[in-house]
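Subject: Structure for your review

Dear colleague,

Please find below the structure that I am handing over to you. I would be grateful if you could read the notes that follow with the structure open beside them.

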Protein chains: 2
Amino acid sequence: MNNKDTIHMSINEFKENGYKVIDWIADYYENIESYPVLSTIKPGELRKSLPKNPPKDGENFNNILTDMDDKIIPGVTHWQSPNFFAYFPCNATGPAILGDLLSSGLGIQGMLWASSPACTELESHVLDWLVDMLHLPEKFKSDSFGGGVIQDTASSATLCALIAAREKISNGKINESGFDNSIRVYTSMEAHSSIEKAVKIAGIGSKNIRLIEVDQDFAMNPIKLREAINKDIKNRKIPAFVCATIGTTSSSAIDPLNEIGEICNEFGIWLHVDAAMAGSASICPEYRFIHDGIDYADSYCFNPHKFLLTNFDCSCLYVSDREALIKSLTINPEYLKTEVSQSDAVFDYRDWQVPLGRRFRALKLWSVIRYYGINGIQSHIRGHIKSAKFLSDLITEDNRFEVMAPTVLNLVCFRYRESNQFNKLLLNELNKSGELYLVHTKLNNKYTIRFSIGQTNTTKDHVLNAWKFILKKTEELERTMVK
Amino acid sequence: MNNKDTIHMSINEFKENGYKVIDWIADYYENIESYPVLSTIKPGELRKSLPKNPPKDGENFNNILTDMDDKIIPGVTHWQSPNFFAYFPCNATGPAILGDLLSSGLGIQGMLWASSPACTELESHVLDWLVDMLHLPEKFKSDSFGGGVIQDTASSATLCALIAAREKISNGKINESGFDNSIRVYTSMEAHSSIEKAVKIAGIGSKNIRLIEVDQDFAMNPIKLREAINKDIKNRKIPAFVCATIGTTSSSAIDPLNEIGEICNEFGIWLHVDAAMAGSASICPEYRFIHDGIDYADSYCFNPHKFLLTNFDCSCLYVSDREALIKSLTINPEYLKTEVSQSDAVFDYRDWQVPLGRRFRALKLWSVIRYYGINGIQSHIRGHIKSAKFLSDLITEDNRFEVMAPTVLNLVCFRYRESNQFNKLLLNELNKSGELYLVHTKLNNKYTIRFSIGQTNTTKDHVLNAWKFILKKTEELERTMVK
C-alpha cells in the first residue's frame with residue numbers, strides 16, 4: 001500500500017475500505033443472534049455460487065463485502081454466537097481482533113529475534129506474565145531454564161513436547177538415526193485425539209501409545225498407568241512420555257497430576273500437561289486446584305484462544321528445559337545465521353516450533369490482557385463457570401435427564417434417560433433449528449450431549465433460554481415417540 | 001463484543017478503536033521509509049520498557065496504540081519497507097490485511113466442513129483457481145483425486161507431504177507400528193533447512209537424508225540422485241521421498257523436474273516440489289518454464305505469503321492423491337464425528353494438516369486475487385523480476401563485483417571480488433545504516449550477499465537507490481581497507 005499511482009491499494013483507499021470492514025464486523029456482531037448458529041447450506045452450495053474462473057481484471061473491494069453478506073455468511077457456522085455451545089469455545093473479542101489487525105498491518109515475520117526483536121520479546125514477556133496469572137511454576141519463565149512460546153494449536157504444542165521428550169530420552173539419537181521402535185507413550189482413554197496424531201507424525205506408531213483406563217469421573221487412573229509402565233519396562237521398551245489432561249474434551253475431567261507426576265518422576269518420564277481448554281480457569285484462585293501437582297510437569301499447554309478471550313490461533317506451550325526443545329527442532333543454515341543468535345543472548349523462536357516463520361501473535365494476547373486486566377478476565381471466567389453450574393443444577397432437578405460427569409468448570413454433559421437414539425434425534429432437532437449448536441460425545445458408551453459455555457457474549461440468560469428450548473424440543477420429541 | 005453493559009468492548013467502542021487502528025496502519029505505511037529497516041534495539045531492551053507485572057485492572061485501548069509507537073515500533077524490523085531485501089519477502093497488501101481482518105472478525109474455526117462450510121469451500125475453490133493461474137497439473141484440483149489446502153508455512157507442508165509419503169510406501173505400517181529405520185529421503189545440498197527439520201520430526205533421522213550434489217548453477221544433479229538411490233537400494237534401504245526445489249533459498253536455483261521426476265517414477269518414490277518462493281512467478285506465461293516436469297510431482301507447495309501479495313501465513317500445499325495424505329493424518333474421535341463427514345461428500349481439512357483447528361485464511365487469498373485480478377498480479381511479479389535483472393546487469397558491469405548465481409527470478413546473489421571478510425564488513429555496514437536490509441549466504445563456500453526483491457511497494461527506484469548506497473559503502477570501506 002502506498003500513495004503512488006500503482007496497481008496497489010492506496011493508503012486512502014485502505015482507510016476507506018478499512019472503515020467499511022470495521023463497520024461490517026460491528027454489524028455482524030449486532031446481528032449475530034439472527035443467524036442460524038449451525039450453517040444450513042448443503043455440500044457444494046457455496047462453491048456453486050462462485051465464479052468458476054478467477055478474475056482477469058481486478059475488482060473493487062466493495063464486491064468482497066457484498067459477497068461476504070450474500071455468499072459467505074450463509075456458509076458460516078457462527079462460533080461467535082452466544083448460542084454456540086458446541087465443541088470448545090473459540091472466543092473472539094474486540095481487543096483481540098484489533099491486536100490481530102495490528103499484527104497483519106505490521107506484516108512482520110518473527111522467526112528469529114533479529115527478524116523483529118519486538119515479536120520475540122513481547123511474546124516472552126506476555127508468556128511470563130501468564131505464568132504469574134495462572135500460578136504456574138517459576139521454571140516455565142524465560143529467566144529460568146525454561147520458557148514459553150505461542151503455537152497455533154495444542155496439537156502442535158503436543159507434537160513439539162513429544163519430539164523434545166523423544167530426543168531427551170534418546171540423547172539426540174532419534175533425531176539423528178531415526179527410530180528403533182521402543183519408545184512408549186501414555187495418555188488416558190479420554191485424552192484428546194491430537195496425542196495419537198502427534199505420536200503418528202513423530203513416527204512412534206499408534207500401537208505404541210498406551211491408553212490408560214479412567215476412573216468413574218473419566219480421569220486417568222494412576223494405578224493403571226504404573227501397571228502399563230511396568231509391563232513395558234519388563235518388555236524392554238522405553239517409557240518416554242506421559243500426557244495428562246486437565247479438562248478432557250468429552251467431559252472436562254481432571255487427571256490427578258500429583259499421582260501421575262510422582263510416577264513420571266520415579267521412572268524419568270517426560271510429563272506433558274494438556275490443559276488446552278481448562279487451563280485458563282486457573283486465573284481465578286478458587287479454580288487453581290485443577291493444577292495441583294503441576295510442579296511435576298516438564299511441559300504444559302493451554303489455549304488462550306479457547307477461554308482467555310484471545311482470537312484463534314493462540315496456544316501457549318511452556319517447557320521447563322528449553323534446551324531439550326530447541327535441540328530437537330533446531331536447524332541452522334547459513335542464511336539464517338545472525339550474530340546475536342549465535343551469542344545465546346536471545347531466543348530464536350523458530351527453534352521452538354514446527355514452522356520456520358511466525359506471525360506477531362503476542363500482540364493480540366497483550367492487547368487482551370491489558371484491555372481486560374486480571375480482574376476483567378477473572379470475572380468473565382467466573383461468569384461462565386457459574387452459568388455451567390446453574391445449568392447443571394437445572395438438569396439435575398429434572399428426572400428425565402441425567403448429568404453424565406461432574407460439572408467442574410464450564411462444560412455440562414447430560415443426556416435424556418432414554419435410548420441413545422432419542423438423544424441423537426434430540427440433538428439433531430436442536431441443531432437443525434438454528435437456535436443453538438451443541439455436539440455429542442460418548443461417556444460410558446452412552447450418547448451424551450455436551451453443553452460447552454465459553455463464547456465471549458454468552459450470558460446466564462442465553463444458557464437459560466437454551467435449556468428452555470431443549471425442554472421444548474424434548475417434549476415435542478416425547479410426544480412423537482409416544483405416538 | 002456486544003451492546004450491553006458488560007466488561008467487553010462495546011460495538012461502538014470497537015468501531016471507534018477499529019478506525020484508529022486502521023489509521024495507525026495507514027500512518028505506518030505512510031512513514032515506513034523513515035524507520036531503520038533493521039531494528040537497532042539491543043537484546044532485552046523492549047522487555048525492560050514493559051511493566052514487570054500484568055495489569056490488575058483493564059486499560060483503555062488507546063494505551064496499546066501509544067505503546068505501539070513508543071515501544072513496539074523501535075523493536076520492529078520492517079518487512080514491509082520497500083527497502084527490505086533480506087531473506088524472502090513476506091508481502092502484505094491492503095486487500096490481504098482486510099481479508100485477514102474479516103477472518104479475525106468472523107472468528108470461526110474450520111477444522112471440519114460442518115464447523116463452517118464456507119471456510120472449507122472457499123479454500124478448495126480458491127486453491128482450484130490457483131491451479132489454473134499457475135498452470136499446475138489438473139490432478140491437483142479438488143474434483144480429481146487430489147486437492148489443495150492452506151498450511152501455515154512450507155515447513156509444515158513439507159512435513160505433511162513427507163508423512164503421507166512415509167505412510168504410502170509402508171502401507172500405513174509406520175503410522176501403526178513406528179519406524180524400522182529403513183526409509184531414505186533425498187534433496188539437494190541447496191534445499192531448505194525445513195526438509196531436514198521435517199525428517200527429524202517424522203522420526204526418520206537426519207542421517208537418513210541424502211543431500212544430493214548440485215551442478216554449477218546450484219540445481220540438483222539428477223545423475224547423483226540416481227547414484228544415491230541405487231546405493232541405498234543395494235543396502236536394502238527404502239527410498240521414499242525426493243524433495244526438489246524450485247527457487248532455492250540461497251540462490252533461487254531451479255532443480256530439473258523432468259529428470260528428477262523420471263527417476264522418482266522409475267523407483268516409485270514420492271516427489272515433493274518445494275516452490276515456496278518461486279512458484280508464484282508461474283502466473284506469468286514467460287516464467288512457466290520453472291515448472292517444466294511438474295506433472296511428475298506427487299505434491300507441490302508454494303507460498304502466496306512470499307510473492308503473491310497475501311499476508312503471512314499462507315502456504316498452499318497440493319497433493320495428487322489426497323487419500324494418502326488424509327490416511328496418514330486422520331483421527332476420528334466421537335466428538336468430531338459429523339454425518340456429512342462420514343458421507344465422503346466433503347473435505348475435513350483437519351485431516352490435511354498437523355493442527356486440528358484452522359483459521360479462515362482463504363478470505364485473504366480470495367480478497368487478493370479479486371482485488372488485483374490475474375493481470376494485476378502478473379504486472380506486479382514482472383516488475384520485480386525486471387528490477388532484479390536490472391540490478392544484476394548493473395552489478396555485472398562493475399568489475400569489482402561478481403554475480404554468484406544466475407538471476408532467474410527476483411533474487412540477485414553477488415559479492416565484492418575480495419575476501420569474505422570484506423563482504424561481511426560491507427553487509428554489516430549496510431544493515432547498520434538502517435537504509436536497507438540484506439542477508440548473506442555461502443555459495444561455493446564464498447560469503448555472498450543476497451538481494452531479494454519482493455516487498456509490495458519496492459520499485460525499480462528503490463533497487464537503484466539501494467545499489468548506489470551499496471557502492472557508496474563499498475567505496476568507504478575500500479578507503480578504510482587501503483589505510
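How many of the five residues of strand S10 (residues 439-443) of chain A are buried? Four of them are buried, and the strand is thus described as mostly covered. Please bear in mind throughout that this is a predicted model.

**The hairpin of strands S10 and S11**

Strand S10 of chain A is joined by five bridges to strand S11 (residues 446-452) of chain A, and the two run antiparallel. One bridge can be located by its residues: A:His440 has A:Ile449 in S11(A) as its partner. Together, S10(A) and S11(A) make a hairpin, with two residues between them. In that turn lies A:Asn444, which has a positive phi of about 50°.

**Chain A as a whole**

Chain A contains 15 helices and 11 strands. Its radius of gyration is 24 Å, close to the 23 Å that the globule rule gives for 483 residues, so chain A is as compact as a globular protein of that length. The C-alpha trace of chain A spans about 70 × 65 × 45 Å along its principal axes. Of the 483 residues in chain A, 61% are buried. Contacts in chain A also reach across the sequence: among those between residues at least 6 apart, 74% join residues at least 24 apart.

As background, strands of a sheet pair through backbone hydrogen bonds, in either a parallel or an antiparallel manner. In chain A, seven strands form an open sheet with mixed pairing, in the order S1-S7-S6-S5-S4-S2-S3. Strand S1 (147-151) and strand S3 (209-212) of chain A are at the edges with a single partner strand each, so one side of each is left without a neighbour in the sheet. On average, neighbouring strands of this sheet are turned by 20° against each other, direction ignored.

Within the sheet of chain A, strand S5 (residues 270-274) and strand S6 (residues 299-302) run parallel and are joined by three bridges. There, A:His272 has A:Ser299 in S6(A) as its bridge partner.

Chain B likewise has an open sheet of seven strands with mixed pairing, ordered S1-S7-S6-S5-S4-S2-S3. An example of antiparallel pairing is found in chain B, where strand S6 (residues 299-302) and strand S7 (residues 315-319) pair over four bridges. In this pair, B:Cys301 stands opposite B:Leu317 in S7(B).

**How the two chains are arranged**

Two copies of a chain are related by a rotation about an axis and a shift along it. The same surface serves both copies, since 99% of the contact residues of chain B recur in chain A.

Which residues form this interface, and how many are there on each side? There are 133 residues of chain B in contact with 133 residues of chain A. On the side of chain B that touches chain A, helix H1 (residues 11-31) of chain B gives the most, with 15 residues. By class, that side of chain B has 62 nonpolar, 47 polar and 24 charged residues.

Yours sincerely,
A colleague

Definitions and conventions
Residues numbered from 1 in each chain as written. Chains lettered and ligands numbered in written order. Predicted model: local features only at pLDDT ≥ 70, side-chain atom pairs only at ≥ 80, totals over all residues. Contact = placed C-beta atoms within 7 Å. Rg over C-alpha atoms; globule rule 2.2 N^0.38 Å. Buried ≥ 20, exposed ≤ 12 C-beta atoms within 10 Å, placed from the backbone. Nonpolar A, V, L, I, M, F, W, Y, C, P; charged D, E, K, R; others polar. Pairing = 2+ DSSP bridges. Axes fitted to C-alpha atoms, helices over the stretch in contact; angles between N-to-C directions.
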